[in-house]
Amino acid sequence: MAAQKINEAHEHIARAEKCLKTSMTKWKPDYDGAASEYSKAAVAFKNAKQFEEAKEAYLKEAENHTENKALFHAAKAIEQAGMMLKDMKRVAEAVQLIEKACVMYVENGTSGTAGMALDRAGKLIEPIDLEKAVDLYQKAASVFENEDRLRQAAELLGKASRLLVRLRRLDEAAVSLQKEKNMYKEIENYPTCFKKTIAQVLVHLHRSDFVAADKCVRESYSLPGFSGSEDCVSMETLLQGYDEQDEEQVFRVCNSPLLKYMDNDYAKLAVTLKVPGGGGKKKKSPAAPQGGAGGPAASAAEDEDDYEGGLC
């Protein structure tokens with residue numbers, strides 16, 4: 001069966017080459033015919049599991065579509081070549097081809113197709129390269145945002161935000177989450193905004209930025225249904241416990257079902273959150289900074305500055 005498919009593929013390649021030949025009576029190559037034959041050859045090679053040959057046939061198909069000014073079909077063929085590389089476990093090379101195809105989709109005015117292809121590329125590369133996956137999801141989100149398709153843009157930003165948390169790039173995760181939340185607010189998906197507020201609070205507290213965490217909650221009071229909701233009460237309780245260095249209260253909120261059953265990356269932030277100063281029911285005086293004055297008798301003014309932003 002495989003041998004038959006390989007022979008069939010070579011027959012299609014021979015026909016494609018014939019389409020490209022010119023003569024006294026045929027001045028212009030038949031690019032459309034050649035592209036069609038290379039496409040058929042690629043499928044035959046693919047069915048025979050000859051993925052390298054299939055990839056080359058798809059790239060030849062793309063070349064001929066490009067000559068024929070058929071950019072969309074050229075991009076599709078390049079994306080298919082990328083899929084052959086994926087089947088050969090050459091994922092990084094596959095993603096390079098998919099990105100190339102996406103540039104052509106955008107040039108052709110089919111940005112939505114580009115966004116979906118970038119999303120697929122992100123899923124491919126995520127198991128082996130989180131940094132690249134973040135880049136691809138962010139690019140896909142930008143494409144959909146430019147098309148005013150905010151739901152898709154927000155979903156892709158959500159993937160990027162989670163990976164940024166996993167990579168401990170928390171400053172960038174905070175920015176990404178705010179952008180997500182703004183998009184969900186614009187499309188009036190308020191319950192999802194509530195969940196993004198929780199994620200924001202967890203990220204900011206891991207950044208030791210109590211002020212930013214508190215601000216996220218206060219800004220969310222303007223969202224219909226947030227004030228008095230379970231999400232709101234939990235965040236108020238968490239912030240109070242964190243501010244008062246009440247380990248028991250922070251532990252209780254962070255291990256509640258509301259937080260434990262969030263997306264895994266945020267749930268991990270919840271269960272690993274520590275209160276500043278090492279705990280105790282009451283807030284302790286801050287330790288003396290290295291090389292500086294202060295100590296147990298630090299002033300109330302200094303105490304108030306504990307959470308004035310900045311990274312931990």
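This is a predicted model: local features need pLDDT of at least 70, side-chain atom pairs count only at pLDDT 80 or more; totals for chains, interfaces and linings use all residues.
Helices, as the term is used here, are DSSP runs of H or I spanning at least four residues, whereas strands are runs of E spanning at least two. An unreviewed UniProt entry annotates residues 160–187 as a "coiled-coil region".

Asp171 takes part in a polar contact of 2.7 Å that joins its side chain to that of Arg207. Arg207 is placed in the loop between α10 (190–206) and α11 (210–220), and, because its relative accessibility is 12%, Arg207 counts as buried, the cut-off being under 20%.

In helix α13, which comprises residues 247–254, the buried residues include Gln249, Val250, Val253 and Cys254. Viewed down the axis of α13, the buried residues fall within an arc of 125°, and they therefore line one face of the helix. Among the elements that cover these buried residues are α12 (230–243), α14 (257–260) and α15 (264–271). At the start of α13, a side-chain oxygen of Asp246 comes to within 3.2 Å of the backbone nitrogen of Glu248.

A further packing arrangement involves helix α4 (residues 71–87) and helix α6 (residues 111–125), whose axes are 12 Å apart and form an angle of about 10°. Helix α4 is therefore roughly parallel to α6, since angles under 35 degrees count as such. Where the two helices meet, α4 contributes Phe72, Glu79, Met83 and Lys86, and α6 contributes Thr113, Ala117, Arg120 and Leu124.

Terms used
Residues are numbered from 1 along each chain as its sequence is written. Side-chain values use heavy atoms; hydrogens and water are left out. Buried means under 20% relative accessible area, exposed over 50%, partly exposed in between (1.4 Å probe, protein chains only). The arc is that of the directions from the helix axis to the C-beta atoms. Contact means heavy atoms within 4.5 Å. A polar contact is a pair of N or O atoms within 3.5 Å; within protein, one must be able to donate a hydrogen and the other to accept it, and residues adjacent in sequence count only if both atoms are side-chain atoms. UniProt positions are given in the numbering used here, feature names are shortened, and annotations may be inferred rather than shown by experiment. Axes are lines fitted to C-alpha atoms, for helices over the stretch in contact, and angles run from 0 to 180 degrees between N-to-C directions. Angles under 35 degrees count as roughly parallel, over 145 as roughly antiparallel, 65 to 115 as roughly perpendicular and the rest as oblique.
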